Amino acid sequence: MGSEIAFARWAQRVEAALEAALPAPDLAPQRLHAAMRHAALGGGKRMRPLLVYAAGTLTGADEATLDAPAAAVELIHAYSLVHDDLPAMDDDAMRRGRPTVHVAFDEATAILAGDALQTRAFEVLADAHVDPALCVAWLQTLAQASGVAGMCGGQALDIDATGQQQSLAALQRMHALKTGALIRASVRLGALAGGADAATLQRLDRFADALGLAFQVRDDILDVEASSETLGKTAGKDAAQDKSTYPALLGMNGAKARLDDLAAQMRDLLAPFAERADALAALGELTVRRGH
């Protein structure tokens, strides 16, 4: 219950921070601004901002200090979804239970909205009232996770692998970049705000790596088992696009067993932090049980 109350409070905080970060809809260019707001304020689990707050709580950071990185990582995530849904990429018509940005507006506006959301994320961090060394560390963390060594590189590997059978190692590497890098960055952004030492950062990186993999394994399972209404996006897309997935490579029972192993890893990694890790542990459990 304590974690649920914290999650509700943090969700309100990041929503307010996003609202403040996004341009007003009545300012020109109105269509672009409306598309940005459609992408970033359209609901969603807010998992990455919650990870920022949870890791920051573990390391003793002030909640107000965490608002900027929480909003910034969600802006990056929103931009990635806008571009991922484009006809040239996954060509999806539904996201978070609503029309995707290129459907609700148009393709050119969606491209520009994604670009603007990405750059706004770094503005938010650069404008934060924190020690310059922390600001630089935040910027470096988010930039690395977003670029060729992270999310964009993983997306490129995903495109290259479409229609081909990947090995399990290749699939894990692709998702470690495409999905896992931003999850890992979310945890690190919060931990850095609390002045975490090298050993703490390393342990939390390992937790985040397990969490990122668990998130993708669960996502692959849900793509097979859940409806579009439950997912808020089109179900069955992986099979339709002939993509390698964990259920395809391991079988459904094997994928679920892998998920159980990752859940155990996450619990073990957080055990030394005791109750300070309650919020992170709860997010790990939510990830594993998502869709139940």
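Student: Which residue just after α9 takes a positive phi?

Tutor: In this predicted model, the residue is G195, which comes just after α9 and takes a positive phi of about 70°. Helix α9 covers residues 168–193, and its 26 residues reach 35 Å from the first C-alpha to the last, close to the 38 Å expected at 1.5 Å a residue. Even so, α9 is bent, by about 55° at G180.

Two packed helices are described by the angle between their axes and the distance between the axes. The crossing in which α9 passes α10 is right-handed.

If you want to find this contact on the model, start on the α9 side with Q172, H175, T179, G180, I183, R184, V187, R188, A191 and L192. On the α10 side they meet L201, L204, D205, A208, D209, L211, G212, L213, F215 and Q216. Sorted by class, the residues of this contact are ten nonpolar, six polar and four charged. Notice that G180, where α9 bends by about 55°, is also among the residues of α9 that meet α10.

For a second example, turn to helix α4, residues 63–84, and helix α6, residues 107–126, which pack at an angle of about 165° with their axes 8 Å apart. With that angle, α4 and α6 are therefore roughly antiparallel to each other, and their crossing is left-handed. The residues of α4 in this contact include A68, P69, A72 and I76, while those of α6 include A110, I111, G114 and L117. By class, the contact of α4 with α6 has 15 nonpolar, three polar and two charged residues.

Helix α4 has another partner to consider, helix α7, residues 132–146, and the axes of α4 and α7 come within 11 Å and cross at roughly 15°. That makes α4 roughly parallel to α7, and α4 passes α7 in a right-handed crossing. Here T65, P69, A72, V73 and I76 in α4 meet W138, L142 and S146 in α7, and the residues of this contact divide into six nonpolar, two polar and no charged.

In the loop between β1 (94–95) and β2 (98–99) lies R96, whose phi is near 55°, a positive value in a residue other than glycine. In the loop between α1 (2–21) and α2 (30–40) you will find P29, which is joined to A28 by a cis peptide bond with omega of about 0°.

Key:
Residues numbered from 1 in each chain as written. Predicted model: local features only at pLDDT ≥ 70, side-chain atom pairs only at ≥ 80, totals over all residues. Heavy atoms only, no water. Axes fitted to C-alpha atoms, helices over the stretch in contact; angles between N-to-C directions. Helix = DSSP H or I, 4+ residues; strand = E, 2+ residues; numbered from the N terminus. Left-handed = near helix turned anticlockwise from the far one by under 90°. Contact = heavy atoms within 4.5 Å. Nonpolar A, V, L, I, M, F, W, Y, C, P; charged D, E, K, R; others polar. Expected span 1.5 Å × (residues − 1). Bend = angle between axes of the 7 residues up to and from the residue. Parallel < 35°, antiparallel > 145°, perpendicular 65-115°, else oblique.
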